[in-house]
Amino acid sequence: MDHVDEEIEIPNYFICPISLEIMKDPVTAVSGITYDRQSIVQWLEKVPSCPVTKQPLPLDSDLTPNHTLRRLIQHWCDENATHGVARIPTPRAPPGKLNIVEEIKNLKKFVVEDSGREDTLKKLEVLAMEGETNRRMMCEAGVHRSLILFVVKCTLEEEEEGQHLKGHVDESLRLLHLIGVPLNDARALLIENDQILESLTLILHQQDFINKAYTIVLLRNLTGNASSHTVERFGAEILKGIIGFLKDVVISSFNVTNPSVSATLQPSSSSVRSKLDRSLVIKRGVTAALMILLETSSWSQNRTILVDLGAVSELIDLEISYSGEKRTTELLLGILSRLCCCADGRAEMLSHGGGIAIVTKRVLWVSTVADDRALSILNLLSKFSPENKVVEEMVCVGTVEKLCSVLRVDCGLSVKEKAKEILRDHFDEWKRFPCIDVPLLTKLLSS
């Protein structure tokens, strides 16, 4: 609709009950109520009932095109064209189950054949972006399995063939990101094909930034319901690839105007990838990466690998440059608290100029979970690291002042106990600094 004169009266039955706008593609639900197709589909993805009658209405229930009403609306628009009313075009037929089934057949064929791959992937992406119903049908039909097998086939083939198929791998990863991997199928996939992790590792060490994000989300989906043994045996190359992705995120945060960096980090097929929110893909990739690192750092051998790969420094840089999300900070502090359980991890933390400062800043700033994890880090550093260096830095960056604040506000008992322990352990050293309010500190420790 363009600008419409106020005196034009729009028939009530032209208006969608959800959007309260003239319907462009009127469809009638099984409840007997007519809606605009886009509005009712979006509604049913959140609420499985008719907005007017409250009758249960599954997402995949039939929506019958109301051609008569659509023609009436188009005729009315034509008659009022002189008043600035734009004609509503005839909508194209939405993809149905037959379309999806046909493309799934083609997909399963192209895992072993060369013909029709590009066309099939593009059609499946269009279908997936139409709505949740299509994506669910794809998962039920095993599209995710065929795509994963195809990605494995391409990445593990000889280098020249792999380069030839790179575009198909990009599209397959993007489509997998759209439809996801059902939790009940993820574990079986890893058991059935031991080359999946090897294949995803190779992608993590390639240059494509967005593909790395897709791969890490996929890796998390596959291992989220897997046995602890699967996660424990993650090799150094997988962990190196994940840390490399987080480093890219930091670089992109600091160098968004740097042409050389942008050339590496920008998506390679922007015309297609623009359909997906790039920042959302990166955000999901960061969250998935941190969840994987948090789980893998439960084992001492993995903590050693992560520290050797420079994880401590990259995580601190990530929190300084990128984080603003509560969940991201909680995960990141959880990983650092585990890495600080080993001497090398604490040494890396102290060698970073902003380590103690950023952890201190996050206390009483994010959540109770973040407070507990941040205090655990500070406690480990103050107990087991070179005393003079830690004491002096904690004074300089405001840690002592923040710990006193913890004791003065309403927060968790365990957090208060950790703050008291740190302050009590180094009281004799801190009271020598003129900037420390010794009477206040004494009072807080005695309360």
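**Entry 1: the sheet.** I began with strand S1 (residues 26-28), which pairs with S2 in the antiparallel sense over three bridges. Strands here are DSSP E runs of at least two residues and helices are H or I runs of at least four, numbered from the N terminus; two strands count as paired if DSSP finds at least two bridges between them. Pro26 stands opposite Asp36 in S2. Helix H1 (residues 37-44) packs on the sheet and touches S1, S2 and S3, where contact means heavy atoms within 4.5 Å. The direction of H1 makes about 95 degrees with that of S2. For such angles, axes are lines fitted to C-alpha atoms (for helices over the stretch in contact), and the values run from 0 to 180 degrees between N-to-C directions. What is the strand order? I read S2-S1-S3, an open sheet of three strands with antiparallel pairing. Its edge strands are S2 (34-36) and S3 (64-65), each pairing on one side only.

**Entry 2: ground rules.** A note to myself: this is a predicted model, so local features need pLDDT of at least 70 and side-chain atom pairs count only at pLDDT 80 or more, while totals for chains, interfaces and linings use all residues. Residues are numbered from 1 along each chain as its sequence is written, and side-chain values use heavy atoms, with hydrogens and water left out.

**Entry 3: salt bridges.** How many salt bridges are there? The count comes to 12, taking a side-chain nitrogen of Lys or Arg within 4 Å of a carboxyl oxygen of Asp or Glu. I looked up Lys283 and Glu325, whose side chains meet at 3.5 Å, N to O. This pair links distant parts of the chain, 42 residues apart: Lys283 is in helix H16 (residues 278-296), and Glu325 is in the loop between helix H18 (311-321) and helix H19 (326-339). Lys283 is partly exposed because its relative accessibility is 33%, and Glu325 is also partly exposed, at 38%. My cut-offs are under 20% relative accessible area for buried, over 50% for exposed and in between for partly exposed (1.4 Å probe, protein chains only).

**Entry 4: H22 and H25.** Lys418 and Asp372 form a salt bridge at 3.0 Å, N to O. Lys418 sits in helix H25 (residues 413-425) and Asp372 in helix H22 (residues 368-384), 46 residues apart. I then found Glu421 bridging to Lys383, with the closest N and O atoms 2.7 Å apart. Glu421 lies in H25 and Lys383 in H22, so this pair ties together parts that are 38 residues apart in sequence. Glu421 is partly exposed at 26% relative accessibility, and Lys383 is partly exposed at 42%. Salt bridges with shared partners also join Arg145, Asp185 and Glu192 into one network.

**Entry 5: a helix pair.** Helix H24 (residues 399-408) packs against helix H27 (residues 438-446) at about 45 degrees, with the axes 10 Å apart. That makes H24 oblique to H27 (under 35 degrees is roughly parallel, over 145 roughly antiparallel, 65 to 115 roughly perpendicular, the rest oblique). Cys404, Leu407 and Arg408 in H24 meet Leu440, Leu441 and Leu444 in H27.

**Entry 6: Arg135.** Leaving out residues up to four places away in sequence, Arg135 touches Ala128, Met129, Leu178 and Ile179.
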